[in-house]
Amino acid sequence: MSTVLAGALSAGEQGLDFSLAQKTTVILLCALTALISHLALAVFNDGVRPFMLDFIQGRSNRSATTAVSFGLSAGFIFGLGAPMALSTGVLNPWLLFLPTDVLGLLAPKKWLAPLLGGAWGALVVFGLNGANDIAHDLPVDFLTAMQQMATPILFLFTLFPVLAITRQFGKLRGGIAGVVELALVILTMKLWPDVFPGAAAMAVGVVMLIGFATAKDMRQRRADREEKAKAEVSEGKDASTGPERPVTEAELEDPMLSLFSASATRLRKHLPLFMVLGAGVCLLAQMHVFGGGEATSFLIAKEDYTGAAQVDFYRVFGFIPLIATTALASGAYAIAGFTFVYPVGYLLPSPWLALLAGAAIFAIEVLALSWIGRMLGRLPSVRDSSEHLRNAISESLWLAILFGSLLAANTMGGGLGILIVGGLYLLNEAMGRVVVRMAAAPAAVLVGGVLLNLLYWLDLFTPVKS
Amino acid sequence: MTKILTGGVGKVQVADALGDLGLGDLEVTVSSDMDAAMKLRAGQADYYLGTCHTGAGASLGVLLGVLGSGTCHTFGRGIPTDAEVTALLEDGKKVFGFGMDQISETAPVIARAIAAHTR
């Protein structure tokens, strides 16, 4: 516990100091992702992907698609990506890839897209460092205060499988999962104080959820088969109804299957480019300057790469169906694929291995897309589980980020800090959530930090002594 | 009876929110994007309300692909007005996506407009 907390608290002090190789990788990767977005082959924002189909088929133009992309991404870039990067000193996909989605689509010419993307990468690696230094030198250092978010995020995130199980399979199984996870967290803290306490608990929780879902689907399929057999026995003599049903079902399935297979074919055609993309993202993860998930940046910051790999690995299960179906429906893939390249990257010992592994993972993912789409059609409970997992991830992170933001507000400004940050959060709620709920609190901390510094210069506020 | 399917991350909450309104002539069923796409296509359901973080991705992906953009609309992160939804319904939109943190504000507006439109 103590090492985890101490590590989390000292996380941001190493700042954003990138080596030349790291800077080059970020700039080149941003150039590549912007080009890929320009070509409508992949975007990072899951919400933008559905709109790519109309763009690819020429039913909507570049500027309309850019507007959609900007509208759906802006809140996540400024509310989530930037504050997280500033407070942890670790880059994240919202800060790097959401802007390259927009810039790539914005670029009217193909050659301009990688230039804009590369420029964004350069701005991030050079500019963030300066912003970071300036912010740390202010009388009210709100970036150091933001590291208060680490503890609630790391610990509450651990519970996301329990929430998903409760929502999908009821109170009893949810309660059991909760007790099991709590016991495992306590056990881990006692026996392996250096390990991230949620690691084992999360693993068991996710396995339980997937187990419940698979069992349910299997039971359902068996029941369906028995019912069908029974129906066939009773209607066996009536030959006219027998063959009719499968025909109509096949007709119903057809538009989705043909849509899915057209998309899969389009993506397979660009396999080499996707392999380069996978290699790049995996390399970035291997350099340990990048965290793929909301909780991961804090773990990367305190150099717990195994913990980070575990957290991002479990997170993958919440996103596979979403990414697969939106990719198959739209013909545009995800910039980080199924995000398997993140955990693999964190763990690999050398950059060369990361390049090879990233390319191989993306090749497998793109080639397996159609198969995954077919499987998902047959396993409704598993798809349901992934929706519950994503819901649970955002639920637990919402509370953790809100709570952590109030802790940060207290650290930087005491009661006045809490009033400003909590007040801005409530105001956003009252105004119909102009800023995404998840990002509202950290954004409020940044605004509150600037406001407290202004008050200090006006001699209206004395910084809290730590 | 107008059949509305809900899907996406907040599908249960949307169904609950609509149930609480007590609009008699609406039948609300929790569904999934794939099933809903096929049912709407086959005319077994009339409307689909999808939710996700951005209000567009998971909620609309498959439906946009199967049904085309002519019948789909996302409110993104904005809260629609009654007149806005009515205009969209008159325009033939059947599939609506919105942010999961705006369910309590957006879902009733859409449901009331649908109820008035189909009456």
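Two strands count as paired here if DSSP finds at least two bridges between them, and strands (E, at least two residues) and helices (H or I, at least four) are DSSP runs numbered from the N terminus. With that in hand, B:Thr2 has B:Leu26 as its bridge partner in β2(B).

A few ground rules first. This is a predicted model, where local features need pLDDT of at least 70 and side-chain atom pairs count only at pLDDT 80 or more, while totals for chains, interfaces and linings use all residues; side-chain values use heavy atoms, with hydrogens and water left out. Residues are numbered from 1 along each chain as its sequence is written, and chains are lettered from A and ligands numbered from 1 in the order in which they are written.

**The sheet in chain B**

Chain B holds an open sheet of 5 strands in the order β2-β1-β3-β5-β4, with parallel pairing. Its edge strands are β2 and β4 (72–74), and each of them pairs on one side only. From one strand to the next the twist averages 20 degrees, with axes taken as lines fitted to C-alpha atoms (for helices, over the stretch in contact) and angles running from 0 to 180 degrees between N-to-C directions.

What does β1(B) pair with over 5 bridges, in the parallel sense? One partner is β2(B), residues 26–30, and another is β3(B), residues 47–52. On the β2(B) side, B:Leu5 is bridged to B:Thr29. To get from β1(B) to β2(B), the chain passes through helix α1(B), residues 11–21, in a right-handed β-α-β crossover. Right-handed here means that, with the strands pointing away from the viewer, the path from the first strand over the helix to the second runs clockwise. On the β3(B) side, B:Ile4 stands opposite B:Tyr47.

β1(B) itself spans residues 2–8 and is mostly covered, with 6 of its 7 residues buried. Buried means under 20% relative accessible area, exposed means over 50%, and partly exposed is in between (1.4 Å probe, protein chains only).

Helix α2(B), residues 33–42, lies across β1, β3 and β5 (95–99) of chain B. Relative to β3(B), α2(B) runs at about 160 degrees.

**Where the chains meet**

In total, 34 residues of chain A are in contact with 31 residues of chain B, contact being heavy atoms within 4.5 Å. Between them the two chains bury about 2700 Å², 64% of it on carbon and sulfur atoms; that is the accessible area (1.4 Å probe) the two parts lose on being put together, summed over both. On the chain A side, A:Met256, A:Glu387 and A:Arg433 lose the most area to chain B, together 20% of what that side buries.

A:Pro255 sits in helix α11(A), residues 244–269. Which residues does A:Pro255 touch, leaving aside those up to four places away in sequence? They are B:Met38 and B:Arg41.

**A covered helix in chain A**

Helix α12(A) covers residues 271–286, 16 residues in all, and reaches 22 Å from its first C-alpha to its last, close to the 22 Å expected at 1.5 Å a residue. That expected span is 1.5 Å times one less than the number of residues. Buried or exposed, how do most residues of α12(A) come out? Buried: 12 of its 16 residues are, including A:Leu271, A:Phe274, A:Val281 and A:Gln286. After the helix comes A:His288, whose phi is positive, near 60 degrees.

**Some single residues**

A:Thr339 lies in the loop between β2 (333–334) and α15 (341–347) of chain A, whereas A:Asp459 belongs to the segment after α18(A). A:Thr462 is found in the segment after α18 (437–457) as well. The C-alpha atoms of A:Thr462 and A:Val140 are 8.9 Å apart, although 322 residues separate them along the chain.

| Residue | Relative accessible area | State |
|---|---|---|
| A:Pro255 | 17% | buried |
| A:Thr339 | 9% | buried |
| A:Asp459 | 71% | exposed |
| A:Thr462 | 63% | exposed |
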